[in-house]
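Biologist: Let us go through the labels on this model. I want each one set against its definition.

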Amino acid sequence: MSRISWLTAICATIFASTTPLNAEPAPAPPPFAGFYQPQGVDEIGWWREDDESERRLAASPLVIRDEKLSGYLKEVLCRAVGDDRCNATRIYVMREPTFNATMSFNGTMRVFSGLLLRMRNEAELAAVLGHEFGHFESRHGLNRFKAARTGTDVLAWGALLASMGPSYDTRRTYQSMEISVYGNLYRYGRDHEREADLLGLGYLNKSSLAPQAASHVWQNLMGEIEASAVAKGLKKPKFNAIAFTASHPPHGERAAYLTALASPDSSTRDYGAQRYGETLAEWLPTFLDDQIKLNDFGGSEYIIANLAKDGWTATLWNARGELYRTRGNQRDLVHAVQFYSNAIALDDSLAIAHRGLGLSLFKTGERTRGQQALARYLELAPDSDDAKMIQMMLPQETPL
Amino acid sequence: MKQGFELEANSGKRILVFRPSVSVGSQSTGGMFEPNAEWTETAKSNIQVALTDLQARLGNEVIVAPEAYGEDALVVEEHMALFAAVSQAVIDYQFFVGNRLPTKKRDNKADVFDWSLGDGVSDLPGADQADYGLFIFNKDAYGSTGRKILQVVALLGPGVAVKSGEHVGYAGLIDLRTGDLLWLNADAAMGGDVREVDGSEKRVRQLLEDFPGSDIGEE
Amino acid sequence: MNARFFRGGALAVFMSLACAMTPANAHKLRETGQTFVVADSDVTVTPSRDWNRLNGKVGKRTETWTLDGEQLNDITFFGGIRAGDPLVKERSKKHEPLPKFTSSTLLVEVPELLEGTYRTYKELAAFRLLSVEPGSFLGSEGVYFTYEFTDVDQLTRKGEARAAIIEGRLYMVTFDAPRLHYFDRTVADFRTLVDTAKLR
């Protein structure tokens with residue numbers, strides 16, 4: 001079946017249903033047609049017609065060059081969309097703190113570290129990557145499809161999954177929403193979103209992973225945005241009131257709809273939480289640190305609490321300590337002391353927790369206890385980059 | 001142009017041309033999709049045509065920089081980013097009359113043009129085979145730079161009017177031994193839509209106007 | 001840190017040009033041998049080479065000097081930041097707050113404050129502190145620190161700074177420059193300049 005007629009068939013199915021909640025499970029995707037190839041031959045012969053931007057990307061200082069990590073992401077993508085598609089894709093992990101993943105015409109996928117921080121398991125990651133892929137794959141048909149579409153409103157959802165990275169310009173546009181901090185949203189027409197999401201869910205339905213995870217990603221992101229706004233003393237974003245979301249159902253409805261699109265027998269499938277957690281463990285402290293240093297108290301609290309649903313670890317307690325110590329009012333510092341102590345109780349060898357504890361104790365006026373903690377920090381990490389500075393804070397030995 | 005610099009046509013000097021950094025409509029990192037890959041491909045091949053033209057006119061030997069891989073690629077990329085920063089500084093603080101840095105004003109009076117990429121350029125792949133390096137940096141950012149994203153409207157497909165953001169283009173000639181910038185042409189408000197052949201030619205023509213030893217600007 | 005802090009958008013280019021177009025607002029020369037007050041504060045320096053003072057500011061009580069443009073070398077003075085204030089002007093106090101210097105900020109935490117400011121303002125993750133050591137600044141106990149980061153223009157820069165907290169206020173001077181060629185070229189001049197810094 002050609003792409004156009006396949007898409008038209010899908011739309012016909014949708015239009016036939018009375019309400020979104022009666023939608024059929026998303027169908028399996030069509031055979032993969034391959035990526036965009038540059039048109040035209042380079043007769044001049046100066047440089048090969050490779051994708052310029054991928055070449056530059058590969059040489060970018062922002063790429064995280066960790067084969068284990070990118071290899072794992074590739075595996076997850078393969079589980080999500082199948083081997084045909086994933087083998088034509090190259091994945092780059094970027095050291096960027098916001099929630100975003102992008103895909104280029106020729107199959108270059110970039111995943112931001114901020115996104116990896118926010119995923120709780122493989123199924124959620126697969127949902128996002130699959131959605132990206134679906135968006136991208138359906139675009140070719142979209143332009144042609146635009147001419148043929150019926151014009152009937154189609155419920156679109158999941159736009160947030162196709163979020164863009166923040167930019168100075170677009171952030172200001174969305175400032176009232178706070179979504180700007182989390183990535184901006186494509187104002188795709190509802191039809192376009194719809195096609196992408198159908199494809200994305202279609203992949204997942206066919207895959208071994210639980211497609212219900214797609215709705216969890218949405219819920220978590222909304223929760224984070226709300227928490228961020230509340231902590232800043234701003235009103236909770238009214239997702240319905242904002243232009244782009246007027247074309248999307250409110251998130252409760254969306255979650256239900258997403259669940260309906262997931263094929264019914266899939267809910268017992270794998271979420272891959274353990275695999276995901278293990279692979280990310282090495283990078284988690286770094287990505288958490290990157291997030292905390294963005295000075296978004298509410299958002300960071302939310303993310304930490306979410307991660308802690310699977311159990312509090314020394315890393316998570318330490319991160320919470322850093323968060324509170326950074327904001328640093330007196331109440332915060334008292335909490336920070338508690339959090340760092342919790343981290344140390346779970347792992348006494350976590351040097352930075354001793355450092356945080358020591359500094360927080362100093363700041364609440366408990367110098368002696370603070371010095372003890374800092375001394376322990378220096379014991380554990382004598383070569384740390386601030387060792388000499390910390391040393392100055394300890395009681396100085398008097399010369400004999 | 002650096003004082004005392006002249007490049008004569010057919011002088012036998014070799015010019016190493018680095019892979020032009022051409023991006024149309026999107027950035028190399030943080031860009032959602034890159035629907036303008038088509039545009040970029042077109043722009044690139046058009047610029048290549050114009051460069052071939054340049055070679056013919058100049059009669060200097062123009063060599064293509066060899067492909068760089070791994071660490072080398074990172075270094076080339078960093079030089080390109082530095083070239084863009086230096087070019088922007090030259091525009092901001094030496095070209096723009098109202099904005100000149102006082103120390104540069106004095107330079108201007110003494111006819112001094114003192115900008116450099118540093119002598120690390122001599123280690124770039126291919127640098128040992130040429131005297132000068134030509135850097136071309138062209139960025140049509142419809143909206144923003146760096147990690148920023150295209151104006152969403154651009155994604156609805158070609159033919160949709162795109163709100164222009166930044167258009168920057170720099171072409172610079174570097175002494176491959178010292179890294180000194182010998183000649184720079186830069187235009188932060190260039191005309192010509194590089195997606196069209198005419199636009200590309202115009203853009204490259206603008207960039208290469210007054211290229212030492214050429215007669216390009218005069219046509 | 002100056003206009004480059006805002007740089008990265010068309011807006012930034014226009015900003016830096018717009019505020020510099022009239023002769024009255026032109027960048028000022030800072031010549032060798034004279035003593036200058038910086039950052040509207042009680043800090044003075046006495047340069048031993050000529051510098052340019054940029055006429056835009058990144059925040060209250062700041063001032064930026066350069067040789068070739070802030071993209072290539074950027075010395076920013078912070079003249080007594082008060083408790084409760086951020087280091088640079090926030091784009092929006094409510095929506096995009098920056099980390100604040102507080103009355104309980106320790107000297108050893110000042111590098112983190114700078115790091116947090118850069119990371120938050122520019123949305124970077126690619127920033128790392130390289131060294132943090134004690135040293136004297138403005139006649140007081142201070143902290144010397146170095147760092148490296150990749151900015152929004154994809155260029156990696158190195159930084160070196162000195163800071164002290166005096167009577168509850170933060171005094172600091174930072175030097176940022178591309179690690180390729182430019183940092184090494186001017187860091188000695190930076191150190192010479194900062195050595196002359198005095199509190200009146």
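Modeller: Buried means under 20% relative accessible area, exposed over 50%, and partly exposed in between, with a 1.4 Å probe and protein chains only. The model is predicted: local features need pLDDT of at least 70, side-chain atom pairs count only at pLDDT 80 or more, and totals for chains, interfaces and linings use all residues. Side-chain values use heavy atoms, without hydrogens and water, residues are numbered from 1 along each chain as its sequence is written, and chains are lettered from A and ligands numbered from 1 in written order.

Biologist: What makes Cys78(A) and Cys86(A) a disulfide?

Modeller: A disulfide is a pair of cysteine sulfur atoms within 2.5 Å. The sulfur atoms of Cys78(A) and Cys86(A) are 1.8 Å apart. That meets the rule, and the count over all chains is one disulfide. Both cysteines, Cys78(A) and Cys86(A), are buried.

Biologist: Why is the disulfide of Cys78(A) and Cys86(A) called right-handed?

Modeller: The torsion about its S-S bond is about 70°, so it is right-handed.

Biologist: Why does Arg157(C) count as buried?

Modeller: Arg157(C) has 0% relative accessibility, so it counts as buried. Arg157(C) lies in strand E9, residues 156–166 of chain C. Strands are DSSP runs of E, at least two residues, and helices are runs of H or I, at least four, numbered from the N terminus.

Biologist: How many helices and strands does chain C have?

Modeller: Chain C has four helices and 11 strands. Of its 200 residues, 67% count as buried.
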